[in-house]
Amino acid sequence: MLLAIDTSAGTSVAVVDHARGVLAEHGVADTMRHAEVVGPLIQQCLAEAGVTVAELSGVVGGMGPGPFTGLRVGIAAARVFALGAARPLVPVVSHDAIAFGHYRRGHTGPLLVVTDARRREVYWSAFSGTDAAGLPERLAVPGLAQPAALLEPDFPFAGMIRLDAATVSAGDLGLLAELTFAAGRPFAANDALYLRSPDAVLPTTRKRVSN
Amino acid sequence: MTPMNRENPLVLGIETSCDETGIGIVRGTTLLANVIASSMDEHARYGGVVPEVAARAHLEELVPAIEAAVAESGIRLEDLDAIAVTSGPGLAGALMVGVGAAKALALALGKPIYAVNHLVGHVGADVLRLGESDTVPLEYPTIALLVSGGHTSLLLVRDLTSDVELLGETIDDAAGEAFDKVARILGMPYPGGPRIDAAAATGDPRAIRFPRGLSRPKDMDEHRYDFSFSGLKTSVARWVEHREDAGEPVPVSDVAASFREAVVDILLTKAVAACADYGVPRLLLGGGVIANARLRQVAIERTDAAGLTLRIPPLSLCTDNGAMIAALGAQLIMNGHEPSTLDFGADSTLPVEQIQVAPAPVVPAVRGGNDGNTPAGVT
Ligand SMILES: [Zn+2]
């Protein structure tokens, strides 16, 4: 059984089991309250699933891509929960969970997943379909672009069926982790996918204060 | 689950309000570990703390810092009685990393959590004993002067866990920020404090009379215990520009010494005045700027002259750290306070009067099941 946490969009938490599916899943769409709600959501999911920390075999963290501040809350929570529970952290790309959920609900073939990156930009990931194990097959690493760029003819995945997602399901994230493990495939890197440099400006020359 | 040890609780504290990732472990008033990972070097090229850079560093440093603190203390995480975390004030994005992590740790371990005030944490650092037995506990009430790159506050602490009052604070830059800005004016790299200190060592503190902010009679009516360093910084810049325009060399050591004297003078004038006004015979210092040797020296002189007891915690506990947060959490537990509920957030402007955030309502004595120490539903 796995505890899964994703804060790349709103906050979503789930407890999943490879055989029994999603045992509990709760989310808050608000993109400003990750730090407040992540604790109560973990507590609620564990209680509702009737699962103790000792019964978990790992903790799944959604690594993004996602806007800075919120994304970090879930990754921090997943990493530190894993440390406290003495269980492995299982990093999963959040966009892969969005694609996995869409394929699981019947979609087949190519898919372009798009999420809000704020500042009039979007994150995108392109998938060709699913493999024999049912895992989404990614065509390129997640990207950051202006929305119009995805419509340009020279965008390599132009014309692909597009899924604009406002939420990420921790249930899908957790199930994808279970399936990835069962298929013996590697997990994602344990790196937050910001896809942007910190917005800091280097100091310019000193400004005069006197006239 | 065994009831929480309220006599001598083992507490892990998490501090991420600015650019230090601090993890501390205390048992009651005994310091067991104080691990600090600073992202200061990453901020140096920007000339000041960049919130996004700080928050990213917290995310990467948290797990290694917790592991290092556990190793240093020789305890096991499951031995802990509680987790304490800074809820505010500080940089919102940075605070959120610690809050998310602390809640996860509390839930993973099935331990209660105490969300506490960073500024009161600075005062709480004083209760920690580093093994020496001759130190006497802090007495109350005390005036506390907290000076760092993020805050400049004067507090009246009647009781550490139940009664802290803000007397005054900076209305613009923090004192540490003023050091950074003036260092830049003098062509010195970030962080400015140690550079100014070094340059001032050979300078004359009376060479230039820089203004003492908010010290004129009309300011004293409205801002008796408040500070302002923005005018001082501008005044230094004007003075330096004037010299440069005239083609004269800038006496860097004299400027540094005179600037530092202005900061130290106004800080201690107002702190000592607060002691006199409130009839409080003791002053406690805290915050990273306490590392400034001249500030400590003048503090000793002025408190001696005024007949005040001066307390300065060890420097490793003055800069932002997790041990002070753990210490405040332990004090709350030892004084019978209930844990925080799990729904608190990061509050970048948390008022100092709010020592603990979201304390759970006191649980009536006769009620089965939850002992009030554990978030409901966690076993
Ligand atoms: Zn501080």
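Two strands are taken to pair if DSSP finds at least two bridges between them; the legends below apply to a predicted model.

**View 1. The open sheet of chain B and a parallel strand pair within it.** Strand E1 (residues 10–15) and strand E4 (residues 82–88) of chain B pair in the parallel sense over four bridges, and Leu12(B) stands opposite Ile83(B) in E4(B). These strands belong to an open sheet of six strands, ordered E3-E2-E1-E4-E5-E11 in chain B, with mixed pairing. Its edges are formed by strand E3 (30–38) and strand E11 (356–357) of chain B, each of which pairs on one side only.

**View 2. Helices that pack on the sheet of chain B.** Helix H2 (residues 51–73) of chain B touches E1, strand E2 (20–27) and E3 of chain B, and its direction makes about 25 degrees with that of E2(B). Helix H12 (residues 322–334) of chain B also packs on the sheet, touching E1, E2, E3, E4, strand E5 (113–117) and E11 of chain B, with a direction at about 135 degrees to that of E1(B).

**View 3. The zinc site of chain B.** The zinc ion is coordinated at 2.1 to 2.3 Å by the NE2 atoms of His118(B), His122(B) and His151(B) and by OD of Asp320(B). The angles among the four donor atoms run from 89 to 157 degrees, and the site is irregular. Along the sequence, the donor residues follow the spacing H-x3-H-x28-H-x168-D. His118(B), in helix H4 (residues 118–124) of chain B, and His151(B), in the loop between strand E6 (142–147) and strand E7 (152–159) of chain B, link distant parts of the chain, 33 residues apart. His118(B) is buried, with a relative accessible area of 0%, and His151(B) is buried, with a relative accessible area of 12%.

Notes:
Residues are numbered from 1 along each chain as its sequence is written. Chains are lettered from A and ligands numbered from 1 in the order in which they are written. This is a predicted model: local features need pLDDT of at least 70, side-chain atom pairs count only at pLDDT 80 or more; totals for chains, interfaces and linings use all residues. Side-chain values use heavy atoms; hydrogens and water are left out. Helices (H or I, at least four residues) and strands (E, at least two) are DSSP runs, numbered from the N terminus. Contact means heavy atoms within 4.5 Å. Axes are lines fitted to C-alpha atoms, for helices over the stretch in contact, and angles run from 0 to 180 degrees between N-to-C directions. Donors are N, O and S atoms within 2.8 Å of the metal (3.2 Å for Na, K and Ca); water is not among the atoms, so sites may look incomplete. Four donors count as tetrahedral if all angles lie between 85 and 135 degrees; four count as square planar and six as octahedral if opposite donors are over 155 degrees apart and all others between 65 and 115; anything else is irregular. Buried means under 20% relative accessible area, exposed over 50%, partly exposed in between (1.4 Å probe, protein chains only).
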